[in-house]
Amino acid sequence: MASRKQLEVHSGDQTPQKWCISLGEEVFKRFISQGSPTVHKVFNEGSLFSPLLFGKFFDPSDAFPLWEFESDTLLSNLRSSGQSTVDWSQTDQDYVLKAELPGVGNNVQVCVEKGKVVEISGQWKQQRESKTKDWRSGHWWEYGYVRRLELPEDADWRRIEASVSNDILIEIRIPKNLMDGDASQGNDAARKDSEVGGS
């Protein structure tokens with residue numbers, strides 16, 4: 001039977017300095033070439049946390065527009081090659097992101113930043129330096145993983161839910177803000193009516 005654990009979704013930016021050192025392509029390639037099997041598991045191609053998830057280098061700490069996951073050049077190519085461990089879909093009510101976690105420790109965190117970015121991160125290796133220094137403000141890729149995703153405009157970030165099944169599959173449900181959409185459509189219709197009436 002599958003075990004399912006609900007995650008707390010944090011909001012706000014509690015650590016403003018996190019991810020402050022960007023992961024450059026040459027730095028990443030050097031890191032991977034010297035990396036352990038765990039490093040390869042965390043950052044392998046097809047992993048949500050790989051800088052090469054989209055077929056070209058993309059720093060996982062940058063915010064990628066979530067709705068662009070539907071692009072033919074991104075996830076569909078990975079799905080057809082059988083490499084992707086990421087699935088992204090939407091219904092009339094919500095967006096759903098499912099991804100396989102690297103399986104190294106299950107201390108994954110989900111945070112919504114300023115209502116615009118959802119961030120999935122986890123630490124897979126203890127930092128040897130002083131405990132007061134946040135692992136995310138140094139060479140973070142040596143200690144953990146992150147993917148930052150820019151939310152669609154109609155996302156209701158206050159009601160985002162996240163859960164992990166069997167310690168390996170994360171599912172994030174992002175409800176659509178249907179009332180805002182209806183209101184803006186109504187405003188657009190009222191604006192058009194006034195423009196027609198005024199001409």
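A nonpolar core is a set of buried Ala, Val, Leu, Ile, Met, Phe, Trp, Tyr and Cys residues joined through side-chain atoms within 4.5 Å. Buried means under 20% relative accessible area and exposed over 50%, with a 1.4 Å probe and protein chains only.

The model is predicted, with local features needing pLDDT of at least 70 and side-chain atom pairs counting only at pLDDT 80 or more, while totals for chains, interfaces and linings use all residues. Residues are numbered from 1 along each chain as its sequence is written, and side-chain values use heavy atoms, leaving out hydrogens and water.

**View 1. The largest nonpolar core has 44 residues.** Those with the most contacts inside this core are Phe 43, Phe 69, Ile 120, Ile 170 and Ile 172. Ile 170 touches (heavy atoms within 4.5 Å) residues including Leu 7, Leu 97, Val 110 and Ile 120, not counting residues up to four places away in sequence.

**View 2. Five strands form an open sheet in the order β1-β9-β10-β5-β4, with antiparallel pairing.** β1 (4-7) and β4 (86-90) stand at the edges with a single partner strand each, so one side of each has no neighbour in the sheet. Strands are DSSP runs (E, at least two residues), as are helices (H or I, at least four), numbered from the N terminus; two strands pair if DSSP finds at least two bridges between them.

**View 3. β5 (residues 94-100) and β10 (residues 169-175) pair in the antiparallel sense over seven bridges.** Val 96 stands opposite Arg 173 in β10.

**View 4. Helix α1 (residues 25-33) has Phe 28, Phe 31 and Ile 32 buried.** What covers these buried residues includes α2 (37-43). On the other side of α1, Glu 26, Lys 29 and Ser 33 are exposed.
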